[in-house]
Amino acid sequence: SYFGARVVWSRPDAPSGLEDMGRPLAPSPYDRPEYQVGEALTNLYVGLHRELRGERLAATRLIQTHAIDRLLTYLDLTGHAARPRQDPFAVERGAETRFTAETLPLAAMVQGYEHNRESALAILDWLEARVEVSQPLAAAVRELAATDRR
């Protein structure tokens with residue numbers, strides 16, 4: 001359930017007070033900064049493996065979508081957002097107004113379909129500059145990014 005919705009339209013037979021029904025969403029066990037960092041690193045690692053197998057679209061989604069979503073969530077959880085999320089179901093909505101380019105350099109991290117390796121390295125560099133990351137996993141990401149395509 002979702003609490004605090006705004007009813008824009010309802011059928012005539014709908015019960016009154018729908019916007020007050022439900023309950024606040026319970027905190028997710030995944031809403032921890034360290035979880036988000038680990039997931040972002042894993043997205044880079046798996047994404048670069050897919051890139052090497054020639055699965056470029058799958059790689060692009062993991063590296064430049066899912067990992068970025070994890071960074072956005074990390075920043076929200078750690079209080080780095082200039083304003084609250086505008087959509088509780090879509091972390092990417094309003095990212096440009098919640099974070100400055102200095103806080104989150106999206107242009108370097110989301111370079112497009114042909115630049116998964118560069119995007120992955122930019123994300124990894126950003127993470128390493130801010131939080132403690134698994135060094136074996138970071139080294140594996142760098143190695144994969146430097147590997148010639150098969």
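Trainee: Which helix holds Met109?
Mentor: Bear in mind that this is a predicted model: local features need pLDDT of at least 70, side-chain atom pairs count only at pLDDT 80 or more, and totals for chains, interfaces and linings use all residues. Residues are numbered from 1 along each chain as its sequence is written, and side-chain values use heavy atoms, with hydrogens and water left out. Helices are DSSP runs of H or I with at least four residues, strands are E runs of at least two, and both are numbered from the N terminus. Met109 falls in residues 106-109, which is helix α4.

Trainee: Is Met109 buried or exposed?
Mentor: The scale is relative accessible area: under 20% is buried, over 50% is exposed, and partly exposed lies in between (1.4 Å probe, protein chains only). Met109 sits at 0%, so it counts as buried.

Trainee: Which residues does Met109 contact, leaving aside neighbours within four places in sequence?
Mentor: A contact means heavy atoms within 4.5 Å. By that rule, the partners of Met109 are Gln64, Ile68, Leu71, Leu104, Ser119, Ala122, Ile123 and Trp126.

Trainee: How many aromatic pairs turn up in the whole structure?
Mentor: Rings of Phe, Tyr and Trp (its six-membered ring) pair if their centres lie within 6.5 Å; planes under 30 degrees apart are stacked, over 60 edge-to-face, and the rest tilted. Searching the whole structure gives a count of two.

Trainee: What kind of pair do Tyr30 and Tyr35 form?
Mentor: Tyr30 is partly exposed at 47% relative accessibility, and Tyr35 is partly exposed too, at 26%. Their ring centres are 4.8 Å apart and the planes make an angle of 40°, so by the cut-offs this pair is tilted.

Trainee: And why do the rings of Tyr74 and Trp126 get the label they do?
Mentor: Here the centres are 6.3 Å apart. The planes stand at 90°, so the pair is edge-to-face.

Trainee: How many residues apart are Tyr74 and Trp126?
Mentor: Both of these residues are buried. Tyr74 is in helix α2 and Trp126 in helix α5 (residues 116-130), and the pair links distant parts of the chain: the separation is 52 residues.

Trainee: Which residues does Thr73 touch, not counting those up to four places away in sequence?
Mentor: Thr73 is in helix α2, residues 56-77. At 8% relative accessibility it counts as buried. Its partners are Gln36 and Val91.

Trainee: What about Arg130: which residues does it contact outside four places in sequence?
Mentor: Arg130 has its place in helix α5. With 41% relative accessibility, it counts as partly exposed. The contacts of Arg130 are Glu102 and Thr103.

Trainee: How far apart in space are Pro84 and Arg98, C-alpha to C-alpha?
Mentor: Pro84 lies in the loop between α2 and α3 (95-98), and it is exposed, with a relative accessible area of 68%. Pro84 and Arg98 are 14 residues apart in sequence, and the spatial distance is 7.2 Å.

Trainee: Stepping back, what pattern does the protein chain follow along the sequence?
Mentor: The chain has six helices and zero strands. Read along the sequence, the pattern is α-α-α-α-α-α.

Trainee: What radius of gyration does the protein chain have?
Mentor: The value is taken over C-alpha atoms, and the globule rule is 2.2 Å times the number of residues to the power 0.38. The C-alpha trace spans about 65 × 30 × 25 Å along its principal axes. A compact globule of 150 residues would come out near 15 Å, but this chain has 19 Å.
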